[in-house]
Amino acid sequence: MSEFPSNAQAPASGQKVITKTILAWASWDWGSAAINAVMTTFVFTVYLTSDLFGNTDSNSVVLGNALAIAGLAIALLAPVMGLRSDAGGRRRFWLGVNTVIVAVLTAACFFVFPEPRFLIFGVTLIALASIFSEFASVNYNAMLPQISTPATVGKVSGFGWGMGYLGGIVALAIVLFTLVTPLFPWAGASEENALNLRLVAVFSAVWFLGFGLPVLFAVPEIPGTPGGPRFTILQSYQELWRKVVAIARTDRHTLYFLLASAVFRDGLAAVFTFGGVIAAGTFGFPLTKVIIFAIVGNVVAAIGAMIGGWLDDKIGPKNVISGSLIGLIIAGMGVFFSQTGTGFWVFGLLLCLFVGPAQSSSRAFLARLAPAGEEGELFGLYATTGRAVSFLAPTLFAVAIALAAPHVEQAQRYGILGIIAVLFVGFLLLLPVRAPRLLGHTSQN
């Protein structure tokens, strides 16, 4: 497989790895954190599932169903979107279009007033925003080989992930201390008609759009294939299947990696998804302490991602991912056996430290495998396989708790074992995968 464009060269001695182009690219990661951290994790979905919209349990079911439908749409459409943008030479164009759509949908959440009749409207906007955000991510991730070289792809990917974590911290802090729990009185912080929470949506949209625009001016559009085929939707699926079969015949390790990464990425996502739940339910953290832990955890994850990116280019992405998964399993067991809040802080932050490198090197791994001109297609498959098994960690988390509940008082902590099981299976699936060759290395195990 051709892994990088033919003009990709190793940086000369003393040449900067983080250039203005890479900063512009990573700015999109920084901006998108407002959607991930503020809208879908800590603030707006909490607003939607609150008693302002009726029964909280019923609201959670509605939100969960909407996001499940969104996940199905992503699984079905993401690889086709990547294929079509690659073939048409319109990767940057579609990144821009999807970014604007996400910003508009997010801003529209301002009109989700705190009344039960607005619930469906609100969850629909969030679900649609998650779909188009994933489409944008496919094209954004596919740009990684464009802006890096075989010698720097790990560092660049780690830098982007780190920027994403740090952007989430800053955006979350601004929202919390100006709108949710304001440090000073002002009109926008009014809780009347949930104005402060609705303004969170406007802030997130502006933040994402503002920081998401630089990449559109800094990274050039990929060339289309002169006289190349233009696919209908049906033909796109047929072409996609043909290429999957071809990959299976010529480079099965790419498919093996897609499967392994889908499993362990689901475990990585669960670390953040259920981290706050465990902190509050098992260790008794109040909301303010959970938020403080989330901010510190994101800082640690950002540091881990950047260190992992540097190691990626030295020892290879497979070694970084494997080491991170081992670290996550050990830290997860530490959380499970901890009996105090201090233990959760120590081992919880260790979890955050290893999550970043595993996420970053997973992206870099695939970027090293992607044939030139087919990056969008492969990252579309990456999104699809991830969505296809996204039920694993939540299901095992719930099953572990249900099995433990009749026998112990604090059953929730047993959910940690479900997450660890997913990470361990992902680690086992990764072991037989052949890693991509590093620049200057003749082999990579």
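**A chat about buried charges and helices**

Visitor: Let us begin with D29: is it buried or exposed?
Guide: D29 is buried, at a relative accessible area of 11%. Buried here means under 20% relative accessible area, exposed means over 50%, and partly exposed lies in between, with a 1.4 Å probe and protein chains only.

Visitor: Before we go on, what sort of model is this, and how are residues numbered?
Guide: The model is predicted: local features need pLDDT of at least 70, side-chain atom pairs count only at pLDDT 80 or more, and totals for chains, interfaces and linings use all residues. Residues are numbered from 1 along each chain as its sequence is written, and side-chain values use heavy atoms, leaving out hydrogens and water.

Visitor: Where does D29 sit, and what does it touch?
Guide: D29 is found in helix α1. Helices (H or I, at least four residues) and strands (E, at least two) are DSSP runs numbered from the N terminus. Leaving aside residues up to four places away in sequence, D29 touches Y140, G160, W161, G164 and R363; contact means heavy atoms within 4.5 Å.

Visitor: What does D29 form with R363?
Guide: The two form a salt bridge, and their closest N and O atoms are 3.5 Å apart. Because D29 lies in helix α1 and R363 in helix α14 (residues 341-369), this pair ties together parts that are 334 residues apart in sequence. The term salt bridge means a side-chain nitrogen of Lys or Arg within 4 Å of a carboxyl oxygen of Asp or Glu. R363 counts as buried, with 3% relative accessibility.

Visitor: How many salt bridges are there by this rule?
Guide: The count comes to 5. Side chains of opposite charge can pair when their charged atoms come close.

Visitor: Which residues form salt bridges with R368?
Guide: D312 is one of them, with the closest N and O atoms 2.7 Å apart. That pair links distant parts of the chain, as R368 is in helix α14 and D312 in helix α12 (residues 287-315), 56 residues apart. D313 also forms a salt bridge with R368, and there the closest N and O atoms are 2.9 Å apart. D313 lies in helix α12 and R368 in helix α14, so this pair ties together parts that are 55 residues apart in sequence. Through shared partners, salt bridges join K155, D312, D313 and R368 into one network.

Visitor: Changing topic: how many helices and strands does the chain have?
Guide: The chain has 17 helices and 0 strands. Of its 445 residues, 53% are buried. Among contacts with a separation of 6 or more, residues 24 or more positions apart account for 84%.

Visitor: What about α8: how many residues, and what reach?
Guide: Helix α8 (residues 195-212) has 18 residues and reaches 26 Å from first to last C-alpha, close to the 26 Å expected. The expected span is 1.5 Å times one less than the number of residues.

Visitor: Which of its residues are buried, and what do they pack against?
Guide: Buried residues of α8 include L197, F203, W207 and F208. The buried residues of α8 pack against α1 (20-42), α2 (44-48), α4 (91-108), α7 (153-180) and α9 (214-218).

Visitor: And S261, where is it, and what does its side chain reach?
Guide: S261 lies in helix α11 (residues 252-281) and counts as buried at 0% relative accessibility. Its side chain reaches the backbone oxygen of L258 at 3.2 Å. Beyond residues up to four places away in sequence, S261 touches S362 and Y382.

Visitor: How many disulfides does the structure hold?
Guide: The structure holds 0 disulfides, a disulfide being a pair of cysteine sulfur atoms within 2.5 Å. C109 counts as buried at 1% relative accessibility, and C352 is buried with a relative accessible area of 4%.

Visitor: Lastly, where is I18, and what does it touch?
Guide: I18 is in the segment before α1 and counts as partly exposed, at 29% relative accessibility. I18 touches L23 and F159, residues up to four places away in sequence not being counted. I18 and I147 are 129 residues apart in sequence, and 9.9 Å apart in space from C-alpha to C-alpha.

Technical notes: A polar contact is a pair of N or O atoms within 3.5 Å; within protein, one must be able to donate a hydrogen and the other to accept it, and residues adjacent in sequence count only if both atoms are side-chain atoms.
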